[in-house]
Amino acid sequence: QRVYKFGGQPFVVDMFQQHDRGFFKSTWGEKKGKALMHATAGSLIGIGEILLLPLDVLKIKSQTNPAALKGYGNIVSICRQEGRALYRGAGWTAARNAPGSFALFGGAAVVYENIFKLQDYKQATFAQNFVASIAGAVASIAVSSPFDTIKTRIQAQKFTENKSGAQILKDLFVKEGPTALFKGLTPKIVVVAPKLVFSFSVAQYLMNYFSRL
């Protein structure tokens, strides 16, 4: 998943640079246009992550509802028996990933532009990538948290259950209130942000390093 996200985003950026005919820069200006281009590329890659959704579903079920996996044997047998059920919550996953990845790469781009004054993000040092990734990671988690709450509850259900995201959202508002959409935000930032920061920093630094060889 990390290889796909951090390896795919620069590829989409390159495609934009080759085929958008200056749309981002002419519409929003040099600095904002560049940041928005990187953010949009990240958003598109984030949506594509739903291809890997079955792995995420199995991970969540094993962590939050292990009983749902009992009697299935190995991963191959689960995939064979459940098939499309492993893609439950795909729409909510895309809804989470689109703004989340937009904020991750867009937040980092804003730091590159406005704090480090970099014309070329590939010239960023490891320390600069590290600082930029902190801003991007926190923004990403905060923006995507409401969608992530619904997605996780959908995926935590037993395979025999089929409560929709809309039903879960309605129940959540009635029983727990709208603030429940941000339940666990602080633990997410504490636990998930360091992983994103590490992955982002290392990936960007290595890609920039090899691009200069």
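Ile134 is found in helix α7; helices here are DSSP runs of H or I with at least four residues, strands are runs of E with at least two, and both are numbered from the N terminus. The model being a prediction, local features were required to have pLDDT of at least 70 and side-chain atom pairs were counted only at pLDDT 80 or more, whereas totals for chains, interfaces and linings use all residues. Residues are numbered from 1 along each chain as its sequence is written, and side-chain values use heavy atoms, with hydrogens and water left out.

Ile134 is one of the residues of a nonpolar surface patch of about 920 Å², which also includes Phe126, Phe130, Val131 and Val138 together with Tyr205, Leu206, Tyr209, Phe210 and Leu213. Patches are made of residues with over 30% relative accessible area and no salt bridge, like charges being joined within 9 Å and nonpolar side chains (Val, Leu, Ile, Met, Phe, Trp, Tyr) within 5 Å; accessible areas come from the Shrake-Rupley method with a 1.4 Å probe, and for residues only the protein chains shown count as cover. Helices α7 and α9 each supply at least two residues of this patch, and the greatest contribution, 5 residues, is that of α7.

Ser140, also found in helix α7, is by contrast buried, with a relative accessible area of 9%. Apart from its neighbours within four places in sequence, Ser140 is in contact (heavy atoms within 4.5 Å) with Gly100, Ser101, Ala103 and Leu104.

Helix α3 comprises 19 residues and reaches 27 Å from its first C-alpha to its last, close to the 27 Å expected at 1.5 Å a residue, the expected span being 1.5 Å times one less than the number of residues. The buried residues of α3 include Gly33, Ala35, Met37, His38, Ala41, Ile45 and Gly48, and their cover includes α1, α2 (23–28) and α6 (90–114).

The structure holds 8 salt bridges, each defined by a side-chain nitrogen of Lys or Arg within 4 Å of a carboxyl oxygen of Asp or Glu. One of them joins Glu49 and Lys5, whose closest N and O atoms are 2.7 Å apart. Because Glu49 lies in the loop between α3 (30–48) and α4 (53–64) while Lys5 belongs to helix α1 (residues 2–19), this pair ties together parts that are 44 residues apart in sequence. Both Glu49 and Lys5 are buried.

Glu176 forms a salt bridge with Arg153, with 2.8 Å between the closest N and O atoms. Glu176 lies in the loop between α8 (165–175) and α9 (185–211) and Arg153 in helix α7 (residues 126–155), so that the pair ties together parts 23 residues apart in sequence. Glu176 is partly exposed, with a relative accessible area of 32%, and Arg153 is partly exposed as well, at 28%. Glu176 also forms a salt bridge with Lys183, the closest N and O atoms being 2.5 Å apart, and Lys183 counts as partly exposed at 48% relative accessibility.

Conventions
Buried means under 20% relative accessible area, exposed over 50%, partly exposed in between (1.4 Å probe, protein chains only).
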